[in-house]
Amino acid sequence: MNDSVFKVGYLPGLAAQDVSWIPLPGPNSHSTIKVEVPQLSAAQMLAIADQVKRSSSLHLKTMTVSEIIRVIDKAVARLLDLNDHHRQKLEALLPSVTGFDSEMIRLGLTNYLLSFRAPQLHRFVTEDFANPKLIDEFQPRAKNGWSKAIGADLGIHIWAGNVPALPLWSMVCALLVKSGFIGKVSSGEPVFASVFAALLVEIEPRWRDCFAVVWWKGGNSELEAATFERAELVLAYGGNAALAQIRSRIPPHTRFLGYGHKISFGIVTASALGTRKGKACSELAALDIARWDQQGCYSPQVFYVQTGGAVTPRIFAEQLFTELASLEHTLHRRALSFEEAASLATYRQAHEFEMLNGSKRVVFGEKHDAWCVVYSDEALPLLPGPLNRCILVVAVDSIDELIALIKPQSRYLQTAGVAASPEELLPLAECLGAVGVTRICALGAMTSPQAGWHHDGRFSLLDLVRMVDVEYSAESLAESFTRYEL
Amino acid sequence: MAIADGDTERLTAEILAFIEKSMTSDEEFNNLALRIFAHQFAYNPAFQRFCQMRAKTPRTVKRWQDIPAVPINGFKDLTLSCVPVADCTRVFMTSGTTRGDIKGRHFHPNLTVYDASMKKHFQACFMKSQKSVRMGIIFPNETMMPNSSLAHYLALAVKNFGTTQSAYYLDDTGIKIDSLIAALQEAQDSGQAFALLGASYSFVHLFDELEKRQLKFKLPLGSRILDTGGFKGQSREIEMNDFYEQLAQTFGLARSQCINMYGMTELSTQFYDAGNEEVPSVKRGPHWMRSRLVDPVSGEEVAFGDRGILAHTDLANFNSTVTILTEDVGTATQDGFLLLGRAQGVEAKGCSMVVDEFLRSASA
């Protein structure tokens, strides 16, 4: 890599000089390193698509899942090594391109990569395939016949850039089911996927043409239509408007998997609010808020805190404010854009007006703070805030009350970070699941989904394959055509 | 505190005198601004609580720049009036595009100051040396929209500066296209100057109608156009440059004769540019209005030339709040500011949901 210019992408079969490069567009005001993205012609894109299809069937589909896991594990081990040059490249580029604090990137990356080591990957596969050999070869079915899972010959993955390294999930999923893929990076975080693709090929040279990492300007209808036409499936992360636009270009025979807007929240029940335990809960809650500056769909936007504990919801809010203040010393919030700052200021103002109108609302801290805690005694429904460490703490008396407050967002619910007693946990999960929550995790773990989680309630691997069944009738009929007499 | 007898009258008399002056000093502006601030602090409990929250009182505020700027959302959430609202003869309301059905309310005990402010600045920026002109208004009249400050503004324009031939060309069925075409044709044939005034989006509808009929005009010398409001939240948005180009070509005017008025329900005074040969054009207020560009978080003025949120100190806002904080983004110029659009908040990146985006999808 030329030190001053980072070229985005992994383009099999194309030399850098055959491609036209433009500076990364968009509001990347943080970036101090020059980043360039490839502008591919439709012909180049189609050539890549055909190459990926061909090579993945030759070199990826012929490996066993265990062999594939070994390659990924080696790559992840390299990235976990702080002295590895790929890791160093990520640590140099990501803060500059995304604006996130370098310490946040360093800790976040390591914590995230832990979920992609061999043992975790094996569990990941088992999560969706009780018998992982289904991906390797036809397996006998309990009730006669045989089945095999075949990964898409070509999947197009459209990635979001709100949190660094997000594409790793879908890259790994595709590899585990032996699917060739073309991933489109977002302008917000085009780095990780580019680096990871090159690293994989360094470890397993046969994968040289099995996948690609590209960029195009979203909404390039001609390019999208041509590319989608070649794909067996299109998987996209993004806002609902973007997803609707992508969906409109997908031909009928191509499958579409969309991961749209989501909203997450935290719950602390009275049983977790003992004199000393309450403080510990506010520490965990603060971590969930500070990590990635609330940019993930799994990041909490509201905390519902039950009344009746030794620590009242109002005191919890105060403690949370203190915790966020001290976290700012170790994990700095990234610099906000003008628009983000304006949105945060407007949010504060709106709650201040409520305070002036006599609502039982408290806005903690000063307008200059790099975090914001608002407390409400009044049961407020779950609504998205301006992110960037801005949290609303709402007092609730009961779980029923809480459920009523989140229900209007049913279609958007994702993670609930929970601190509750063992007796409460599963009944609470029943209620949350019924209204649409798809992930319930510990307070403090909201930003680190477990390997093999069901992202937005879906199957990470099963959704990427087509099953092939050999029915018993075929097997039985075959019996009549043996070379030998039965 | 109940407002003392004659206090409002004394204050408005001072403001009217200030507006009428041709030259005013910084000190005079400062003194009157602080006087209005003290009045509002004393008589408007909601504003007083707001100032206390900001730790600003007439005792500590010595410069007009330090008067707390009330965000325009305050006109929705608080009752910002010194005179009891029941005693206010007129209330102007915002159209309520951003927060659904919650409308901002601006209470006016009377419209004496509002009207004086409008007339003086309108004469200077739109009429210039002319006393009257034939006007065509493409906006509803005051009877149809009694709570619209723009409807009142345009009514004032017609009443004070329009010839007897002036007329409204919009009713509840839409643009009265045939009579408007007839009026434009008549103006073109007679050589008598014509002024067309209305909301920006009304002009877009007018373009469509005229295009259907393949009609263009060459309005006589002295004719001009005033548009206001922009296109936010309208069914069809159009680039500002294309808009003025089309305006100029459709009516046969120079773009310098196409003037944009920037006004707000929350203010009692308007801004104008000196035509739109280039966009964005510099907007200017009169001597009883001063604007600053502030940082959204700190509220401090940004460095000259940097983007900031517009805060206006309007001495004609005697009953509500003398300084307001808008949601508009701009940059300062030597004698005014460039309007760059609304502080829209951020597009949600990826799959996380941000409040503004949610509001947009909720209102869609």
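1. Chain A and chain B bury about 3200 Å² between them, and carbon and sulfur atoms account for 65% of this area; buried area here is the accessible area (1.4 Å probe) that two parts lose on being put together, summed over both. F338(A), F353(A) and L356(A) supply 24% of what chain A buries against chain B, more than any other three residues. In terms of contact (heavy atoms within 4.5 Å), 37 residues of chain A meet 34 residues of chain B.

2. This is a predicted model, in which local features need pLDDT of at least 70 and side-chain atom pairs count only at pLDDT 80 or more, whereas totals for chains, interfaces and linings use all residues. Residues are numbered from 1 along each chain as its sequence is written, chains are lettered from A and ligands numbered from 1 in the order in which they are written, and side-chain values use heavy atoms, with hydrogens and water left out.

3. Two salt bridges are found across the interface of chain A and chain B, the criterion being a side-chain nitrogen of Lys or Arg within 4 Å of a carboxyl oxygen of Asp or Glu. R54(B) forms a salt bridge with E352(A), with 3.0 Å between the closest N and O atoms.

4. In chain A, an open sheet of three strands has the order β4-β5-β18, with antiparallel pairing. Its edge strands, β4 (139-140) and β18 (465-470), each pair on one side only. Strands are DSSP runs (E, at least two residues) numbered from the N terminus, and two of them pair if DSSP finds at least two bridges between them. Six bridges connect β5 (residues 146-151) of chain A to β18(A), and I150(A) lies opposite R466(A) in β18(A).

5. In chain B, β15 (residues 323-332) is joined to β16(B) by five bridges in the antiparallel sense, and a hairpin of four residues links β15(B) to β16(B). V329(B) has G341(B) in β16(B) as its bridge partner. Strand β12 (residues 282-283) of chain B also pairs antiparallel with β16 (residues 337-342) of chain B, over two bridges; V282(B) stands opposite L338(B).

6. I440(A) belongs to strand β17 (residues 439-442) of chain A. I440(A) counts as partly exposed because its relative accessibility is 34%, where buried means under 20%, exposed over 50% and partly exposed in between (1.4 Å probe, protein chains only).
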